[in-house]
Amino acid sequence: MRITGTDRYGKAQIDNFINVNEPYPVIATTVDLLSTGVDCKTCGLIAINQTISSMARFKQIVGRGTRLREDKGKMSFYILDFANATDMFFDPDFDGETTFEPPEGDTGGGSDSGGSSSGNKDGKGNKGGNGEPPEPRKKYVVKGRDVKVDGQQVYYLDEHGHPVTEQYTVYARRSILGTYATLDDFIHNWNAAERKTAVAEILQGNGVMIDIVRELCPEIADADIFDIVCYIAYGQQNPPSRAQRAEKVKHRKFFDKYSGVARQVVETLLDKYAQNGIVEFEKRTILNQDPFTQIGSPKKIIKEIGSVEKYELLITEIENELYKIA
């Protein structure tokens with residue numbers, strides 16, 4: 001509905017546009033009529049398509065969306081900016097020093113993974129039912145930039161200082177491809193790494209949080225980091241679980257060359273990998289955990305293998321077998 005001062009019919013519809021119980025009009029195109037003096041509490045989107053030089057006028061326009069109406073589900077709003085007017089948010093004259101926080105209670109609104117990991121919240125951002133305060137958003141620093149993850153979405157400031165909201169899986173895919181442009185590139189770096197933890201740390205440093213991906217994609221929750229990356233970034237279908245990778249190694253000739261305590265250690269290492277993944281598998285402290293403690297002390301286990309160097313070589317050999325199909 002065109003609502004301007006010179007359009008008598010459109011101007012007559014302003015009350016219907018404001019009325020939360022009237023179904024129409026839904027979209028109003030106007031110039032200045034809604035910049036001030038109009039209280040439209042369910043306005044969920046403001047589109048700006050003209051240059052705005054006045055800070056006061058910009059605040060008046062934005063103010064049309066800041067009204068709340070909880071009973072109608074209006075707890076936030078969007079700005080669709082075609083004229084870079086929202087640069088004023090980053091002007092110190094707007095409201096002092098700029099900070100960016102995603103809207104309270106916003107859990108993404110998407111349904112790709114069947115819900116948000118933040119739990120059920122009421123309109124005020126509180127967890128429902130038990131009266132406990134809301135869980136804090138997970139905050140990370142990626143290349144010197146604050147990144148907040150809430151439910152299915154990630155929030156950050158881009159290189160121009162503008163706030164960006166993105167589905168986390170989309171963000172993770174773009175980050176992976178920005179690090180390893182092709183599947184061959186990723187496989188080469190993965191296989192060339194002396195320890196796979198190094199690749200995992202590079203991914204995390206670029207904002208790829210594997211635990212968050214596991215939450216959002218339960219179908220790959222038990223998959224290896226390698227397979228999760230291939231699934232998210234390169235379209236691998238039906239990735240195997242860590243347990244399936246470990247089981248294949250146990251049925252190869254590689255496994256048959258070990259006997260006694262050494263075979264028990266190899267089998268336990270594969271079980272630990274299946275349970276906790278490659279990062280924990282590579283830690284020497286794994287030998288301090290059950291069921292290794294039932295085999296013997298770390299010193300005894302290393303002695304049975306031969307030496308620290310031979311133990312490190314064993315880890316490398318097991319990894320080569322685990323990723324032989326890669």
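## Strands S5 and S6

Val154 sits opposite Glu166 of strand S6. The model described here is predicted. S5 covers residues 153–157, and S6 covers residues 163–167. The two strands pair in the antiparallel sense, with 5 bridges between them.

The hairpin of S5 and S6 has 5 residues between the strands. Gly161 in this hairpin has a positive phi near 80 degrees. As for burial, 4 of the 5 residues of S5 are buried, so this strand is largely enclosed by the rest of the structure.

## Helix H5

Helix H5 takes in residues 168–179, 12 residues in total. From the first C-alpha to the last, H5 reaches 17 Å, which is close to the 16 Å expected at 1.5 Å a residue.

Which residues of H5 are buried? They are Tyr168, Tyr171, Ala172, Ser175 and Ile176. Viewed down the axis of H5, these buried residues fall within an arc of 130 degrees, so they line one face of the helix. An α-helix has 3.6 residues a turn, so residues three or four places apart point the same way.

## Asp185 in helix H6

Asp185 belongs to helix H6, which runs over residues 183–192. Is Asp185 buried, partly exposed or exposed? Its relative accessibility is 28%. Buried means under 20% and exposed means over 50%, so Asp185 counts as partly exposed.

With neighbours within four places in sequence left aside, Asp185 is in contact with Thr179 and Tyr180. Thr179 falls within the residue range of H5, 168–179.

Technical notes. Residues are numbered from 1 along each chain as its sequence is written. This is a predicted model: local features need pLDDT of at least 70, side-chain atom pairs count only at pLDDT 80 or more; totals for chains, interfaces and linings use all residues. Side-chain values use heavy atoms; hydrogens and water are left out. Buried means under 20% relative accessible area, exposed over 50%, partly exposed in between (1.4 Å probe, protein chains only). Two strands pair if DSSP finds at least two bridges between them. The expected span of a helix is 1.5 Å times one less than its number of residues. The arc is that of the directions from the helix axis to the C-beta atoms. Contact means heavy atoms within 4.5 Å.
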